[in-house]
Amino acid sequence: METIISILITLVASVVFAVVAAVLGCLLSGIDRKITARMQGRVGPPLLQPYYDVRKLLAKDTVAVNTTMNTYLICALIFTCIAGGIFFSGGNFLMCVFVVTLSELLFVIAAYSARSPYSEVGAHRETLQVMAYEPMVILLAVGFFMATGSFNVSTVLHMDMPIVGTLIGIFIGLLFILTIKLRKSPFDLSYSHHAHQELVKGVTTEMPGKMLAKVEIMHWLESVLFMAWIAIFFVWANPICIPIVIVAVALIYFLEIWIDNNFARVKWQALLKSAWLVTLVAAGINLAVLTYL
Amino acid sequence: MEMIGFLILFPLIVAALLMVVRHNTARNVIVIGGTIAIAVVSVALVVMNLGTAGQYYYFQSEIVNYACMAIGVIIGVTIIAYGIKYRNVWAVILAIIQMGGSLVFEFVFAHDVTCTRGLYLDSLSLIMTLIIGVIGSGICVYAIGYMHDFYFGFHDSQEDNPKDRRPTFFALMFVFLSAMFGIVFFNNLVWLFTAWEVTTICSFLLIGFTKTEEAITNSFRQIIMNLVGGIAFLAALYYLVIEFNCIDFMDFIVFGTIAPALVVLPLTCFSLAGMTKAAQMPFHTWLLGAMVAPTPTSALLHSSTMVKAGVFLLVKCAPIYAVSFAPSILVILVGGLTFLLCSCMAISQSNGKRVLAYSTIGNLGLITACAGVGTAEAIWAAIFLVIFHAIAKSLLFLCVGTAEHHIASRNIEDMDLLFEKMPHLARLMILGIMIMFIAPFGMLIAKWATLVSFVDTKQFVLLLILAFGSAATFMFWAKWMGKLSGVAHTEENIERTVHLTEWISLGTFSFLCIASCALIPVISDFFVEPYIGSVLGISIQPVLDDNLYLASIMTIFMVIVMAAIGRVRSKRVKQVPVYLSGVSVDNGKRIYSNSLSQPQEATARNWYLEEYFGEAKWSPVGTIATYLLLGLAFIYAIMSFVGIGLM
């Protein structure tokens, strides 16, 4: 019975996450574009421009290379929602990580299924990106367990201190791969919003209007979820943490925008090497300290 | 006990019959009848003993003792004969050492030692029974159709072929099953050793089955490595008999758990034996070479027999590893390194069977490492890794085998558009692949448990290895799955010529795959936890039921989606050719009209990242490191033995 209730809670949380995170993610994306424009000396689009874009995409006819791609994308979107539901209902962090990976896989497979050489290149790069950041994400879960004694996200609410104190190395590693996860330059190999450094349109080359809208919404949801991963580093059993979390998340997102606008896309070799090296050094040392000291 | 006897002896009778009967239809009937009997009895045995905490049967038999001795001699003579025929000095020398050693052992040392409890059955044996009895026999059924195509192609009808050695092939498969049942039921270590050697010789003969030069070379590589393991096993037996007068497997485990310092040398020997059989580095090359054999052989070696015997021995010894020092480190590091390096090297492979082989070795490495950790959670993880690996890998091998006969290639690049050419087969292959590497499917749940057990025991190195190895695993499976999933709506269905027997096996395995993934909590309650409880006294489930059931729901959802995907073609979707920087001429072949109005083909290959993950780069590293580890472990073991002697 308890099992059923807990699963139901997760599913309800997924639905709530889908709605709330879509709104937040849309706004975040609008702010992102605004700040990016200012950094480039432009005025930039209105705050709700991402919403207008998606609304227009959704109104387009479906002209597709095959019929399977849409199914993969719907599943990817659903699993992103479930990952969010698991996380925000205080569930198992590893489970959340695994479900995000599943949704990532379905996204990649959607691109592969098109069989366009361009989307295949995008898919290969996306797969490589997953391989580059996956060790850090797993070690993030491990570090979380070592710091809190549980994989359950809800345990941070009972901590005496924010876990960033004991997990500083892990946090640095996470910041590094966050750039990949948020699809920011220099690590936006598979799918970029900077047109000048894109090979056709990478992983989304063959995705028409309605499908592209799903990809865009999925990206909003993911952004919110990943920023929440950052946020848990600053949470502890004290209401004072709320403003601290907001400031920290805002600063880090600003940092990501700044990086995005100041670095040109790197080659995949540099991405893989640097991500694995940072993971090995930052997370490795952190975990070694937690294990042996 | 009668059923245990049946499972061990009946396959031998079937094998004898198969050697005699030369008629095709008769052989097919015998194979199907035999496998059904084995599967039914296996399931019945499991159902009748569900949740058992272990039963030991008082059973001694001089006849079995002499039979074991005779089998040992036959094996030795066979290897020596082959060694002389193909001029392989090492095989001959090792076979002589082993045969001589075991004869001296039997007549001089172990003559008066008795083991009253010859047979046993616990929940781990039951799991292995299901794996051997259902998956192993399923592979035999599959082999009926496959071996026909192997000799005649799928077009021709039956005809006489002087080179048709199918009787030998099927007989060997059944002997293999019998030996595997022996390994999981014998408590008498001498009998266990005999069954162990029977699996070695069977796989030797199966790998060399086609008698091509490559097959012979690879089969000798296998036999030499496994003879080394066999000799290590024998050395452990010598030690146990001389020091403790003991050939009772259970007694050894119990005694070892209480006094790990006194069993360092035999445990290190058993570790070596288990690791050679489980194809751990530096012995992994024999399993890579084994894929020259017909596909059912590979499927059998990789999923339900041979390598599983190796990890079975290691998992049995897990409680001793948990309390011992050097052997535990040896097994953990060799297993961990093997997992990491083989997962990385799999990225650089384009041959489907070779990718499967590397993935097998890698996963066996993880199981080995879990056994080395040896806590309740680690054993839980190891057993689930064994289960899911057995089911998913057998499915994958059979899929690749069937695909190979129909597209005439086992190269992943040639599996482009398989989703349309062989719609059912490609979906099953994707199912197998997903089970191997992605949550919420079984293998990832088992890896999750692995992670939990490593965190709990603070295995720092293993945690890093697991994180990076899993990332590499994602890469090589995802790109294979991507290759399979391409859809251009241009291809004809070519899978109508697949034999019914192949479909039956594939269907059964897929069902098992889905059922086992969806029922993890149930398997845990009725099989895995009773076993761990019986050996450690406590049992912890590393992953909570809540998460397991959530995973089940997602698994079923994904299975339904993958079964249905692409079957319904929506009318509202307007289909267009892919973008090829020019006017598309042929969507399926990706030919477009270039700027000179000439037809131009756009090609794209998967990434193999040879420069980073190539075999030439990593294989020597792993081999040297693991040789060093083995050397150090044996030096430590011998020194501790000398230390005990001095005391």
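In strand β5 of chain B, B:Tyr592 is the bridge partner of B:Ser584. Helices (H or I, at least four residues) and strands (E, at least two) are DSSP runs, numbered from the N terminus, and two strands pair if DSSP finds at least two bridges between them.

This is a predicted model, in which local features need pLDDT of at least 70, side-chain atom pairs count only at pLDDT 80 or more, and totals for chains, interfaces and linings use all residues. Residues are numbered from 1 along each chain as its sequence is written, while chains are lettered from A and ligands numbered from 1 in the order in which they are written.

## Strand pairing

The bridge between B:Ser584 and B:Tyr592 belongs to an open sheet of 3 strands in chain B, ordered β4-β5-β6 with antiparallel pairing. β4 and β6 of chain B stand at the edges, each with a single partner strand, so one side of each has no neighbour in the sheet. From one strand to the next the twist averages 40°; angles run from 0 to 180 degrees between N-to-C directions, and axes are lines fitted to C-alpha atoms, for helices over the stretch in contact.

β4(B) and β5(B) form a hairpin with 4 residues between them. In its turn, B:Arg590 has a positive phi of about 60°. On the β6(B) side of the sheet, B:Ser593 stands opposite B:Pro599.

A further pairing joins the two chains: β1(A) and β3(B) run in the parallel sense, and the bridge partner of A:Val63 in β3(B) is B:Lys574. The pairings are listed below.

| Strand pair | Sense | Bridges |
|---|---|---|
| β4(B), residues 583–586, and β5(B), residues 591–593 | antiparallel | 3 bridges |
| β5(B) and β6(B) | antiparallel | 3 bridges |
| β1(A) and β3(B), residues 574–575 | parallel | 2 bridges |

## The contact between the chains

The contact between the chains takes 53 residues from chain A and 49 residues from chain B; two residues are in contact if their C-beta atoms, placed from the backbone, lie within 7 Å. On the side of chain A that touches chain B, at least two residues each come from α1 (2–39), β1 (63–64), α3 (68–88), α4 (93–114), α5 (117–148) and α9 (268–292) of chain A. α5(A) supplies the largest share, 17 residues. By residue class, this side of chain A has 31 nonpolar, 17 polar and 5 charged residues. Here Ala, Val, Leu, Ile, Met, Phe, Trp, Tyr, Cys and Pro count as nonpolar, Asp, Glu, Lys and Arg as charged, and the others, Gly among them, as polar.

B:Phe460 lies in helix α21 of chain B, residues 460–484. Leaving aside neighbours within four places in sequence, B:Phe460 is in contact with A:Leu287, A:Ala288 and A:Thr291. With 17 other C-beta atoms within 10 Å, B:Phe460 is partly exposed. A residue is buried if 20 or more other C-beta atoms lie within 10 Å of its own, exposed if 12 or fewer, and partly exposed in between, with C-beta atoms placed from the backbone. The C-alpha atoms of B:Phe460 and B:Ile332, which are 128 residues apart along the chain, are separated by 12 Å.

## Chain A as a whole

Chain A comprises 9 helices and 1 strand, which follow the pattern α-α-β-α-α-α-α-α-α-α along the sequence. The C-alpha trace of chain A spans about 55 × 45 × 35 Å along its principal axes. The radius of gyration of chain A is 19 Å, which agrees with the value near 19 Å for a compact globule of 293 residues; this radius is taken over C-alpha atoms, and the globule rule is 2.2 Å times the number of residues to the power 0.38. Buried residues account for 53% of the 293 residues. Of the contacts in chain A between residues at least 6 apart in sequence, 76% join residues at least 24 apart.

## Further features of chain B

The axes of α16(B), residues 352–373, and α17(B), residues 376–407, come within 9 Å and cross at roughly 170°. The two helices are therefore roughly antiparallel to each other; angles under 35 degrees count as roughly parallel, over 145 as roughly antiparallel, 65 to 115 as roughly perpendicular and the rest as oblique. Residues making this contact include B:Leu356, B:Leu366 and B:Ile367 of α16(B) and B:Leu385, B:Leu396 and B:Phe397 of α17(B). The contact divides into 14 nonpolar, 4 polar and 2 charged residues.

B:Tyr56 lies in strand β1 of chain B, residues 55–57, and counts as partly exposed, with 15 C-beta neighbours inside 10 Å. Apart from neighbours within four places in sequence, B:Tyr56 is in contact with B:Arg117, B:Tyr120, B:Asn187 and B:Met250.
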